[in-house]
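Hi,

Here is the structure I said I would pass on.

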Amino acid sequence: MADLGRRARERDTEAGLGHPAWERDTEASLGHRAWERDTEAGLGRPAWERHVEDVSGLLAGLAEGTLGEAFQRTAHLRPDAVAVQVDDDALTHAELDERAAAVAGWLRGRLPAGARVVIAAPNGIALVTAYAGVVRAGCVAVLASPALTERELRHLVSDAGAEAAFAAGASREALARIGHPLRTLAALDGTDFGDVLACGLTRDPEPVPSDSPALLAYTSGTTGTPKGVPLSHANLLSSIRAALAAWRWTADDVLVHALPLTHQHGLGGVHAALLTGSRTRVLSRFDERRLIETVAEERASVLFAVPAMYERLAELAELTQPASLRRLRLAVCGSAPLSPELALRVATAIGQVPLERYGTTESGLNVSNPLGGPRLPGTVGLPLPGVELRICDVAGRDAAEGEIVLRGPQVFTGYWNRPEATAEAFHPGGWFRTGDLGHVDPATGHLTISGRSKELVITGGLNVYPREVEQVLEEHPGVAEAAVAGLPSARWGEEVTAWVVRTGHSPAVSGDALIAFARTRLAPYKCPKRVLFIDALPRNAMGKIVRHELPAPSAHDT
Ligand code: AMP
C-alpha cells in the first residue's frame with residue numbers, strides 16, 4: 001500500500017504541509033498560494049468558521065482515536081438509549097457494544113489486525129453489529145451491496161485478499177462457492193452469527209493506530225474495474241465529526257433514512273448515532289409512504305436522502321401535507337445533483353430547503369451548506385472544517401472553473417494496491433482530484449458542481465461507471481462495441497442507457513436479450529434500462545468515445 005498518495009503526504013509532512021496541514025499556514029509554495037487565495041475567497045479557515053465558531057477546538061480532536069474506542073465511549077455514556085433500529089429490530093448502545101466486542105473477539109481469535117473481512121448483507125441490525133465488531137477488532141470491513149453478483153463478489157474478495165466474510169442470503173451462497181482466499185464465512189441470517197455472538201470472547205484486542213484502515217470501500221473508475229479505497233479510522237472520524245459539529249448534532253437527535261448501509265452515505269448515519277449517543281432508524285428499503293410514517297413515529301429530527309427520494313417525498317407530501325416532515329430540524333441531501341427546482345419544490349412541501357452536502361468515497365464528507373444558512377439551491381455550500389478545497393485545471397494550476405481538488409484529514413491516501421491509479425488521483429501537494437467539475441462564487445464562497453469529468457452515471461442515487469457496463473455488454477457475441485451513458489429520467493435522475501454496435505452474429509441480438517445478459521453479470525441498478533443500436537460509435541481523433549454525440553433515442557427505440 002506504499003503509494004504515491006501516501007508518499008505525497010509524507011513529503012508534505014517533511015515540508016510542513018502534512019498533518020495537521022489544515023491547522024496552520026504553510027510555507028510550501030503551491031499549498032501556501034492556494035491557502036491564501038482560498039482564505040480570501042472564503043474557502044479556507046473562514047469557511048470552516050461559518051460552519052463552527054470554535055473551529056480550533058474541533059480541529060484539535062478531529063482525527064483522534066479509532067472508531068472502536070469512540071463507539072465504546074458512547075456506549076458507556078448512553079448505555080440504555082437505542083442506538084440503531086433497522087425496521088423492527090433495535091439495539092441499545094450497550095447491547096451493540098457487547099455484541100461488537102464478541103464479534104471482535106471471535107475475529108481476532110482467527111485473524112490478525114488488518115485482515116479484510118467482507119460484510120455482504122441487506123440493511124439489517126446484523127450488518128451493523130458485524131461492522132462494529134470488525135472495526136473494533138482492528139480488522140478492515142469490506143462492505144458489499146447484497147445486489148452484487150457472484151462475479152462482482154469474486155473480484156472484491158480476491159482484490160481485497162479477504163480472509164473472512166459475514167454474509168446473508170444469496171451473497172452468502174455466492175461467497176461459499178468463491179472460497180479462496182476466504183477462510184471463514186459466517187452467516188448473518190442463520191445460526192452461525194448467533195454462535196459468533198455467543199462465543200463469549202469479550203477481551204478487547206490491542207488497539208490499532210488511528211491511521212490504519214477501518215474500511216475498504218469499492219468504487220469503480222472509468223477503467224470499469226472497481227478499485228479499493230482504504231479509509232482509515234482517522235479519515236472516517238474526521239469526516240463524520242466535522243459534519244456533526246457543523247450540523248449541531250446532539251444525543252437527542254433522531255435520524256431516519258432508507259439508504260443502503262453498504263454505502264458511505266447510509267453508513268454515515270450509523271456513525272452519527274455511535275459517536276453522539278443519538279438514535280438512527282433505518283428502513284431496509286425505500287418507500288416514500290413508509291418513510292414519512294417512520295419520521296412521524298420516531299418524531300425524527302433529521303432525515304438523510306438522495307435527490308431521487310426527495311422527488312418522491314415531495315410528490316406525496318404535496319398530496320398529504322404530513323406535519324411530521326415539517327417538524328424535522330434538518331433534511332440532508334447528497335450523493336447526486338439536486339436541481340434548484342426540486343430544492344424549492346421540497347422546501348414548499350416540507351418547509352425547508354434540503355441541506356446539500358457533497359463528498360466522494362475517497363474523500364468522505366467534504367462540503368455542505370451551512371446549517372444556519374444561507375442554503376443556496378444549486379450550490380453544495382462551503383468546505384467542512386479541516387477540508388481545503390481548490391479548483392484546478394488539468395495541470396493542477398488554480399482556475400476559476402475546473403476540477404474540484406481536496407485535501408484534509410478526511411481524504412484517503414491512495415487506492416488499494418494500485419500505484420498508477422493513485423498517481424493519477426493526486427496532484428502534487430496531496431490534492432485529491434475528485435473528477436468533479438465546479439466553481440466557487442467569489443461573493444458567497446459557495447461551491448457549485450457543474451458536471452463530472454468522470455463519466456459516472458448516477459441512477460436512483462447509486463453510481464454506475466459506464467466502462468464497467470460496456471465491458472460486460474462487449475462480452476456478448478452479438479456485440480461489436482458498446483457505449484454507456486445516463487439519459488435524464490424523472491424517476492431515476494439518470495437512466496443507464498447503452499448504445500450498441502452489433503456484430504454480424506446471427507441471429508442479431510435484441511435489446512431485451514442484452515439487458516437479460518447484463519443482469520446475469522451485474523447488479524440490477526447497473527444494467528441498461530434501454531439499448532439503442534447504431535452503426536458506429538462517435539469517436540474523436542484519439543479514438544475516445546464522444547459521449548455527447550451519441551444519438552438521442554427515437555420513439556421506436558426500446
Ligand atoms: P460516491 O463515491 O459514491 O460517494 O460518489 C461520489 C460522486 O457523487 C461525486 O464525485 C459526485 O460526482 C457525486 N455527488 C456526491 N454528492 C453530490 C452532490 N451533492 N451534488 C452533486 N453531485 C454529487
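**What I found**

Let me start in a loop: Arg-248 has its place between α11 (233–246) and β9 (254–257). Its phi is near 55°, a positive value in a residue that is not glycine. Before you zoom in there, keep in mind that this is a predicted model.

Two prolines are worth a click while you are looking at loops. The peptide bond from His-180 to Pro-181 is cis, with omega near 0°, and Pro-181 lies in the loop between α9 (169–178) and β6 (184–187). The other cis bond to show you runs from Ser-506 to Pro-507, again with omega near 0°. For Pro-507, look in the loop between β24 (493–502) and α19 (511–519).

Now the sheet. Nine strands make up an open sheet with mixed pairing, and the order is β2-β1-β10-β9-β11-β12-β13-β14-β15. At the edges you will find β2 (89–92) and β15 (382–383), each of which pairs on one side only. In general, strands of a sheet pair through backbone hydrogen bonds, either parallel or antiparallel. Both kinds turn up here, so here are some pairs to look at:

- β1 (residues 82–86) and β10 (residues 279–282) run parallel and are joined by three bridges.
- β14 (residues 364–368) and β15 run antiparallel, joined by two bridges. Here Val-367 stands opposite Pro-383 in β15.On to the ligand, which sits in the second largest pocket. Which elements give two or more residues to the shell around the ligand? They are β13 (355–360) and β20 (447–452). Of these, β13 gives the most to the shell, with five residues. That brings us back to the sheet, as β13 is one of its nine strands, placed between β12 and β14 in the order.

In total, 17 residues surround the ligand, and the closest are His-263, Arg-357, Thr-361, Asp-436 and Asn-463. Sorted by class, the shell has six nonpolar, six polar and five charged residues.

A polar side-chain atom of Asn-463 lies 2.7 Å from an oxygen atom of the ligand. Backbone atoms come in as well: a polar one of Ser-335 is 3.2 Å from a nitrogen atom of the ligand, and a backbone N or O atom of Ala-336 lies 3.4 Å from a ligand nitrogen. How much of the ligand does the protein bury? Taken alone the ligand exposes 500 Å², and the protein buries 95% of that.

Cheers

Methods: Residues are numbered from 1 along each chain as its sequence is written. This is a predicted model: local features need pLDDT of at least 70, side-chain atom pairs count only at pLDDT 80 or more; totals for chains, interfaces and linings use all residues. Side-chain values use heavy atoms; hydrogens and water are left out. A residue is near a molecule or strand if one of its heavy atoms lies within 4 Å of it. A polar contact is a pair of N or O atoms within 3.5 Å; within protein, one must be able to donate a hydrogen and the other to accept it, and residues adjacent in sequence count only if both atoms are side-chain atoms. Accessible areas come from the Shrake-Rupley method with a 1.4 Å probe; for residues, only the protein chains shown count as cover. On a 1 Å grid over the protein atoms alone, a cavity is a set of points where a 1.4 Å probe fits but cannot get out, and a pocket is an open set with protein on both sides within 12 Å along at least five of seven lines; lining residues have an atom within 4 Å of a point. A molecule sits in a cavity or pocket if more than half of its atoms lie within 2 Å of its grid points. Helices (H or I, at least four residues) and strands (E, at least two) are DSSP runs, numbered from the N terminus. Ala, Val, Leu, Ile, Met, Phe, Trp, Tyr, Cys and Pro count as nonpolar, Asp, Glu, Lys and Arg as charged, and the others, Gly among them, as polar. Two strands pair if DSSP finds at least two bridges between them.
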